[in-house]
Structures are given as structure tokens and as C-alpha cells.
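I opened my notebook to look at how one chain is built and how it meets its partner. Here is what I looked up, entry by entry.

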Amino acid sequence: MIAPSSVLQARADVRYRVVDRRAILIRQSEAEVVVLNEVGSRMLELLQPGTPVQGVLDALATEFEVDRADLDRDVLSFLRELVETGILEEVGS
Amino acid sequence: MTAVRPREQPPSAFGEAFLQDPELFPGRRSGETCGEREIAFELAGGAYVFSGLEPSQVDALDGRFGSRVVGPGGSRVETLVFCVEAREFRELERGRPYTFDLDYSRASVRLAGPGFMARLDWTPDLRGALWTAAPGTSFGGAFENYFRVLLAYRLLDLGGALVHSAGVRDEAGGGYLLFGPSGAGKSTFARLAREAGASVLHDDLNPLCRGKGSTALKALPLSGDIGLGPGAAPPEAPLRALCRLRKSETDSLRPLHLSEALASLLASCPFVGRDPYRADQLLQNLHSLVGGVPAYELSFARAGRSWTLLRAAEQA
């Protein structure tokens, strides 16, 4: 269950490169290539090692004019999707 | 989030579909060479030297690639060719889908396919070894399979990339790279472009190479439905545009974000695109090669004017 207290990081087999504010991710174990839009790319950049998801939520709230409850819900949902698809993993909470 | 996957390959242990005993795959370049002859030729990626050949093998390669005198030193990749007993390879079922196995590691890549096995090693420079059954009609096919992989990795080392694509050159000499998943219509588009007056470099594999200040598409004398015949001098063309293809009922063109183009190109790069140790380098190469090149998604109809549409966009 991904929560604001969760600590996430990119899985070891994921490499990524930011091109024009979008992230191109290579899942080496699956030979899959994924493109994240600007917001997704920014989320990835904000997921510094050891930083809980709360830090990502707070940073995005200052960068985007959006209802805070909507932002939290959408970001958590997206991060959950990234974990389920094997791009991110939870390393603590 | 957009996901792009390279072509699927059937799961199996390395080599078991092609070799009687995959456990005996050579751990290094060793064995009995087929002969004493050598051939060298220059293609995208520099000079390629194949040693240990017997006369019929030299003739087969000379007819397709044309031999060149390659001087000592300089950028060259050397491959030793060995002969093994035919019984080391499995008999394959008729109608079996044509594939071969690749096994990746940090310092080498192993290949096993119909009637051949091979390895590429970085020690520290790239060099290869190819084992085939005693000289016969299977050598040409085995060689070409091996050579495609060798070419892909050689290009990688030189900052280039080998792309599963159609390469087309317009009347002014500008090059266009059309790519997409299997069935996207690369050969169909190449045929339509040729009917409209363009020339086709190749409808299956095209190298992207670093040039002086620009990226070049270079034709290869490899098997394909459309492209150069054996022995033809390979032309090249400065890259003008990239197009991701999709079949449609109508013709349309839309700009493609660079990130989408790179992701799709990466998925269109055979062999290296699935290499967990080198795909990242390939992505860097692709970014460097096509970063400043216009990219589009081209939806085209079978009997449409897609080539004209693409040219018009580039000339606008």
C-alpha cells in the first residue's frame, strides 16, 4: 500500500534519461521502454534516495496549481502504478 | 505513461533449440579454422576482417560484399571462422519461425542459430568468432545472421545504431528513416516511396552513423525485399527526418516528441536494444544521433500519397 510515508526508488534494472522534460525509462529485465510525461518525469527526479513520498507531494504542490487533495490522490495512484509495473519499488516507510 | 516493447522472443534456455549440447558452447575463440584465407570489406562501422575461411566461403562473401584491400591498423573488427561437425547442430523443423538465441553478459555476447554459433568479446576491443558446419550452402545464411549482430555492436561502439527500419532517399539525396513495430508497413512504405520517385536504401535494416556535423543513413548489402543487390556500392544519405509508421485508412502526419521517437527507436534496434548491459549506451547514441532531426508519426494508407505528404512537411 503506497502512502505518503512510503519510501520509493527506481528498481535496480531501470535506467532512465530525461529528454525535453520527459523521462525515457529502460526496464532492462523486460527489455521494455517507457516514456513518462513531464509530471511523471518530475516525480522520478523528486524521488531522491531515502525521501518519502510526502516530500514528492509537497514539492509538486508548490510547482502546480491544483487542488491538494486531487494532487495527492493522483500522484499516489500513479506511483502505485509505477510500483505495480516494476519501475519503482518500496524500500521503507 | 507510454510503454514500448521490442519484438517478443520465445523463452528457452540459450542454444537448446539449435545446438545438440549447449553446455559445450566455446568459452573462447578456439577450434579448427575452415581454411587459411581472409577477406576484408568496408561498410558502415569501418573495416571488417574475416579470417580462417576456405575458398568457397571467400567467394560467397566477395560476391555479396565485395572485397577491399584494408591496410594495417585503423579501425577494424576481426572475426575468426571455425568449422565444426554438422552433427553439433540440431536439425530444425520445417516452417519453424526464423530466430536465433542471444545471451548477454558484461564482456561478451553469445549467439546460437541455425547451423552456427558465435561470440563477440570485448578484450577490450570488439572481436568475434564464428563456428559453422563444414562449408556448404548454409554458410551464407549463418554468416549474414552473425554479421548483423556484429554490425549492431560495432556501430554501438562507434556512436551509431542499427535500426530495424526502411531507409529512403529523396531526389535531392536527403535520407528518411521509417520505423515501427513489425507489420507497421516499412516495406509497403518503401515500395510506395520508390513508385513516387525515391530510392530505397534498405527496407529492413539501416545503420545510423555519425558524420561530420550530421547523421548519415547508410545502405547495407544485406538480404531484404527491397534494397541493394549483392555487390552494389552502398550509398548513403544525410538524415533529414524520422518517421514512426502506422497503417491507417488515410494519410496524416503529426510531430512526434523526441522522447517518443527515442523510445520507439530503441525498441526498433535489434540485438542491442534488448542487451541489459548496453541498451543505456544505445539510448545515449540515439539521442546524440537524432536529437536535432525532425520526427513525425506518419499514418499512411496503402494506396495513399504518404511519401509526398512527408516530403511536403520537410520542405515547408
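Predicted model: local features only at pLDDT ≥ 70, side-chain atom pairs only at ≥ 80, totals over all residues.

Entry one, the fold of chain A. I looked at contacts between residues at least 6 apart in sequence, and 53% of them in chain A join residues at least 24 apart. I found three helices and five strands in chain A, and along the sequence they run β-β-β-β-α-α-α-β.

Entry two, overall dimensions. I got a radius of gyration of 13 Å for chain A, which agrees with the value near 12 Å that a compact globule of 93 residues would have. The C-alpha trace of chain A spans about 35 × 30 × 20 Å along its principal axes. Of the 93 residues in chain A, 42% are buried.

I found 20 residues of chain A in contact with 20 residues of chain B. The two chains bury about 1,900 Å² between them, and 63% of that is on carbon and sulfur atoms. In chain A, the residues losing the most area to chain B are A:Arg17, A:Val33 and A:Val35, together 29% of what that side buries.

Which side chains meet in a salt bridge? I found A:Arg22 and B:Glu260, at 3.8 Å from N to O. The count between chain A and chain B is one salt bridge, and I noted two residue pairs in polar contact.

Entry five, who contributes. Strand 4 of chain A gives the most to the side touching chain B, with five residues. By class, I counted eleven nonpolar, two polar and seven charged residues on that side of chain A.

Technical notes:
Residues numbered from 1 in each chain as written. Chains lettered and ligands numbered in written order. Heavy atoms only, no water. Contact = heavy atoms within 4.5 Å. Buried area = accessible area lost by both parts, 1.4 Å probe. Salt bridge = Lys/Arg side-chain N within 4 Å of Asp/Glu carboxyl O. Polar contact = N/O pair within 3.5 Å; in protein donor to acceptor, adjacent residues only side chain to side chain. Helix = DSSP H or I, 4+ residues; strand = E, 2+ residues; numbered from the N terminus. Nonpolar A, V, L, I, M, F, W, Y, C, P; charged D, E, K, R; others polar. Rg over C-alpha atoms; globule rule 2.2 N^0.38 Å. Buried < 20%, exposed > 50% of the residue type's maximum accessible area, 1.4 Å probe, protein only.
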